[in-house]
Amino acid sequence: MSISTAAGVFDAITAGPVGGRPVLLLHGFPQTGRVWERQIAALAAHGHRVVAPDQRGYSPGVRPERPEDYRVDVLVEDVVAIAEELGWASFDLVGHDWGGAVAWWTADAHPDRVRTLTVVSTPHPGALATALRADGDQRERSRYMIDWRETPATEERMLADGAEELRACYGGEVPPAGVEAYVRHLSRPGALTAALNWYRAGRPDRAIGVIDVPTLYVWSTQDSAFGPAAAQETRRWVQGPYRFETLQGVSHWVPEEAPETLNRLLLDHLRAHASPLGTEAPRRARRAEARAD
């Protein structure tokens, strides 16, 4: 599916009945909407309308060259623009890795649009900032981001020798077919630079607040990027209904490494916070998606 917005055209995977309860899935680095294949299937089987876009820089139709065009506020605008094009007045939002960061910021900026929030791996940005100040373990875990942000030749290094360094990012935990798909996608001209621009865009223009919407946060004990300090601190940044789940022995790549567990948690979360969309929303969504296609 192609979703046309003022910023450009986003590629997306879609499934489920058009009139079903809408769920938007946001991927992270270095992946695409493909990361959600198992979640898409499970959600669609339960009657949800699921859309997993390739985000800014990952979709060739939305690939600006300047790092500043990947600021958090712009990424949040993309989420809202996609929802508008789909005719979604409100939606359930799910994010992993960088997609999780965007999901936190979107829920903060647009609590009236986000019915529920599910974030996998990525702590609340305020919690992460606290951990970076106070926890040496988290500072060490986050050191790679400084390297990627400040080294101009990062993409050349990652793609050298058959993309050996890029492949190593997945830690042997992502299925080989997925690794090949991601490497192939990010090896296209300009794609990896655009993905790295998410790290190079600079700090957000404003501080993020406490989240009011019902939130599920899923963290795993073998996550190399986010440690326990930031994960535990996250509960201080959610004042709406909050559920924190820890997956023992699972790495950062939760959607692909532990899909059945994540599917169960996600579906439970959506069921716990079900509310009717009203009679007009499904019709509006059907009309909007017909235009998008």
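This is a short chat about contacts in a predicted model.

Visitor: What should I know before I start?
Guide: The model is predicted: local features need pLDDT of at least 70, side-chain atom pairs count only at pLDDT 80 or more, and totals for chains, interfaces and linings use all residues. Residues are numbered from 1 along each chain as its sequence is written, and side-chain values use heavy atoms, with hydrogens and water left out.

Visitor: Where is Asp-223 found?
Guide: In the loop between strand S7 (215–222) and helix H10 (228–233). Helices (H or I, at least four residues) and strands (E, at least two) are DSSP runs, numbered from the N terminus.

Visitor: Which side chain of opposite charge is nearest to Asp-223?
Guide: Arg-141, 5.4 Å away. Asp-223 is buried yet has no salt bridge. A salt bridge needs a side-chain nitrogen of Lys or Arg within 4 Å of a carboxyl oxygen of Asp or Glu. For charge, Lys and Arg count as positive, Asp and Glu as negative; His and the chain ends are not counted. Buried means under 20% relative accessible area, exposed over 50%, partly exposed in between (1.4 Å probe, protein chains only).

Visitor: So what does the side chain of Asp-223 make a polar contact with?
Guide: The side chain of His-252, at 2.9 Å. A polar atom of the Asp-223 side chain also lies 2.8 Å from the backbone nitrogen of Ala-225. A polar contact is a pair of N or O atoms within 3.5 Å; within protein, one must be able to donate a hydrogen and the other to accept it, and residues adjacent in sequence count only if both atoms are side-chain atoms.

Visitor: New topic. Is His-124 buried or exposed?
Guide: Buried, with a relative accessible area of 0%. His-124 sits in the loop between strand S6 (114–120) and helix H4 (125–134). Its side chain reaches the backbone oxygen of Gly-209 at 2.9 Å.

Visitor: Which residues does His-124 touch?
Guide: Leaving out residues up to four places away in sequence, Trp-104, Ile-208, Gly-209, Ile-211, Thr-234 and Trp-237. Contact means heavy atoms within 4.5 Å.

Visitor: How many aromatic pairs are there?
Guide: Twelve. Rings of Phe, Tyr and Trp (its six-membered ring) pair if their centres lie within 6.5 Å; planes under 30 degrees apart count as stacked, over 60 as edge-to-face and the rest as tilted.

Visitor: Why is the pair of Tyr-144 and Trp-148 edge-to-face?
Guide: Their ring planes are at 70°, so the pair is edge-to-face; the centres are 4.8 Å apart. Both residues lie in helix H6 (residues 143–150), four residues apart, about one turn of the helix. Tyr-144 is partly exposed at 24%, while Trp-148 is buried at 10%.

Visitor: Are Glu-155 and Arg-200 buried or exposed?
Guide: Both are buried. By contrast, Arg-71 and Asp-73 form a salt bridge at 3.2 Å, with Arg-71 partly exposed at 25% and Asp-73 partly exposed at 32%.
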